[in-house]
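Subject: Structure handover

Hello,

Here is the structure I promised to pass on. Please open it first, then read my notes below.

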Amino acid sequence: MRPSAKQPVPGGGFCPLPQELTLDRIHQGEMARVRALNSTGSMRRRLLDIGLVEGTNVECLQRSPAGDPVAYLIRGAVIALRAEDSSNILVEYC
Amino acid sequence: MGLTANSTGSGAVDRGLHIEKTSPDERVIALAGNPNVGKSTVFNELTGLNQHTGNWPGKTVTNAQGRCTHNRIPYILVDIPGTYSLMAHSAEEEVARDFICFGEPDAVVVVCDATCLERNMNLVLQTMEITSRVVVCVNLMDEAKRKGIRVNLEQLSDNLGVPVVGASARSGKGLQELMDEVEAVTAGRRECRPSRIRYLPVVEEAIRRLEPAVSARLGDRLNSRWVSLQLLDCEETLKETMTEYLGLSLWNDPVIAEKIKQAKTSLLEHDISEDRLKDIVVSCVILRAEEVCMDAVACGQGGYSRWDRKIDRVLTNKWVGIPLMLLLLVVVFWITITGANYPSELLTGGLFWVGDRLSDFLGWAGAPAWLQGALVDGVYRVLAWVVAVMLPPMAIFFPLFTLLEDSGYLPRIAFNLDKYFKKACACGKHALTMCMGFGCNAAGIVGCRIIDSPRERLIATITNNFVPCNGRFAPPYKRQQNGRRIRLSPYGHVRGKSENWRRH
């Protein structure tokens, strides 16, 4: 189940507008470019540490059997993100 | 992983930065690196010391030290915890950063994984911000070659401004060259000119404003540029450690405090708050890492090849993933349980034979029956039984678990199960520590360190006790194999023991 666009973002930050694309809505095999991070605190730091800075290309590789988390290819490393975290990453198709 | 005097009691407390030198010309080398890049392998190959080698992630508890000699110069190697960054988001990162900053190492060797070098550069660049005496060891060169990744070490060294050595620590390749470079750097023969990261002009301006005052106060004890940046981006833990190390508080110094205030105001004028400054610093490091690797690393097919993709599609498939995982778990248990029966039988037979001889001896020596009962039937037989029952399954289970770890399957298990564990407010890695609990709860609990969130880690630590370890579930199966009466009870070995007494 994908969270609807109007759902409040866990952990603060502003709610993405309906037209804004977040990483959790990227389908398997698609590529996206990071525009901004909405997450705060230690999760924001972690995301930056793994290289999710503005302009980074991310490929959606694979959903786990239960649908969440999803594996992404980020700067050559395969990293799994839960939907609650990836819904805070604003992206655009590239 | 025995309970030694060092691992329990007051010895278990992290002694932090204390290094005992036996002679003044010993050189202290810090070994830093991301988790799972073979840092401990490098450490063990160099020191010959077998500290607990890595069967699972996150096992360098505190600063492990070892000694080695190269070209007649003695070195103390300090294995600091594996981290991705030095920004101190976790206890490990704090230990690593504190040792590099305040442990006064003569050089820092940063061990990298050649198969994903760009990701490793984050730590290299951050280390270079703190100290200039850095040697980069690009490990796992053999694996990179197999994956079709070519690393141009000279180019990388040029880009970074510090020596870079390629190595394959598992086969011992490249380590002599590494120590040659370490020797040159520590002796001052090889001058390191680490390329500094250029932050945004506004940030650079703020640093420039602050640096002269800081530099005047510090002398050459710490890198003033790095300290200036940290002053702008106040980290409480760092504040304390730095004040303790320097014996003075930079924050309370009136001149510096004034400069900090000025610099912060000028940053705010450009709409850069403290949080935004942190973001800028991290982004600049990452972009610089990309830049450094761009012309030094050539990926044939990329680190994550088409073949890897295919395997992962199957292992984490919606329908096949979980059954495959259960099957693998059953196979591991089957091998462990049936395999352990034979050595267990032998050990029981052998140790009990010795017990009988002990009994005979005490009888011959005229010892009273109660003493004989307490010593032989009590102490000796319980010990013999525990060894016979617990040792063989552990000796089989853990190597099998290591194989799974080396194959990289364990993170896939965590990935497959994360959602189910999340329902219990835990995370996927919890599954791995539980699996390890089947081998030994002590090892399982130690392994809980791989879980980042303190809350999830606590849940994993407590619930690990409910996983029946080998010693608790193996005996009933054994009795079944021997064709005797089966009693499926969690206290199998206790009952087994009393039956044994009756037989004699």
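Two strands count as paired if DSSP finds at least two bridges between them. Keep in mind that this is a predicted model.

Chain A first. Strand β2 (residues 57-63) of chain A and β3(A) are antiparallel partners, joined over five bridges. Cys60(A) has Tyr72(A) as its bridge partner in β3(A). The two strands make a hairpin with six residues between them. In that turn, Gly67(A) has a positive phi of about 95°.

β3(A) also pairs with strand β4 (residues 77-81) of chain A, again antiparallel and over five bridges. Here Ile74(A) sits opposite Ala77(A) of β4(A). This hairpin has two residues between the strands, and Arg75(A) takes a positive phi near 50°. Four of the five residues of β3(A) (residues 70-74) are buried, so the strand is largely enclosed by the rest of the structure.

Now chain B. It has 504 residues, and 38% of them are buried. Its secondary structure comes to 20 helices and eight strands. Among contacts between residues at least 6 apart in sequence, 68% join residues at least 24 apart.

Chain B holds an open sheet of six strands. The order is β2-β3-β1-β4-β5-β7, and the pairing is mixed. β2 (64-70) and β7 (164-166) of chain B are at the edges, each with a single partner strand, so one side of each has no neighbour in the sheet. From one strand to the next, the twist averages 25°.

Inside the sheet, β1 (residues 27-33) and β4 (residues 107-113) of chain B run parallel and are joined by five bridges. Leu31(B) has Val109(B) of β4(B) as its bridge partner. Helix α2 (residues 91-102) of chain B lies across β1, β3 (73-79) and β4 of chain B, at about 145° to β1(B). Helix α5 (residues 153-160) of chain B packs on the sheet too, touching β5 (134-139) and β7 of chain B. The direction of α5(B) makes about 155° with that of β7(B).

Look also at the loop between β3 and α2 of chain B, where Pro81(B) is found. Is Pro81(B) buried or exposed? A residue is buried if 20 or more other C-beta atoms lie within 10 Å of its own. Pro81(B) has 24, so it is buried. Pro81(B) and Glu94(B) are 13 residues apart in sequence, and their C-alpha atoms are 9.4 Å apart.

Next, helix α10 (residues 254-269) of chain B. Its 16 residues should span 22 Å at 1.5 Å a residue, and the end C-alpha atoms are 23 Å apart, which agrees. Ile256(B), Lys259(B), Ile260(B), Ala263(B) and Leu267(B) are its buried residues. They cover an arc of only 105° around the axis, so they lie on the same side of α10(B). They pack against α7 (201-218), α8 (224-232) and α11 of chain B. Exposed residues on the other side include Pro254(B), Glu258(B) and Lys261(B). After α10(B) comes Asp271(B), with a positive phi near 65°.

Last, where the chains meet. The contact takes 28 residues from chain B and 21 residues from chain A. Among the elements of chain B that each supply at least two residues to its side are α3 (117-130), α11 (274-294) and α13 (321-364). By class, the chain B side has 10 nonpolar, 10 polar and eight charged residues.

Best wishes

Terms used: Residues are numbered from 1 along each chain as its sequence is written. Chains are lettered from A and ligands numbered from 1 in the order in which they are written. This is a predicted model: local features need pLDDT of at least 70, side-chain atom pairs count only at pLDDT 80 or more; totals for chains, interfaces and linings use all residues. Two residues are in contact if their C-beta atoms, placed from the backbone, lie within 7 Å. Ala, Val, Leu, Ile, Met, Phe, Trp, Tyr, Cys and Pro count as nonpolar, Asp, Glu, Lys and Arg as charged, and the others, Gly among them, as polar. The expected span of a helix is 1.5 Å times one less than its number of residues. A residue is buried if 20 or more other C-beta atoms lie within 10 Å of its own, exposed if 12 or fewer, and partly exposed in between; C-beta atoms are placed from the backbone. The arc is that of the directions from the helix axis to the C-beta atoms. Axes are lines fitted to C-alpha atoms, for helices over the stretch in contact, and angles run from 0 to 180 degrees between N-to-C directions.
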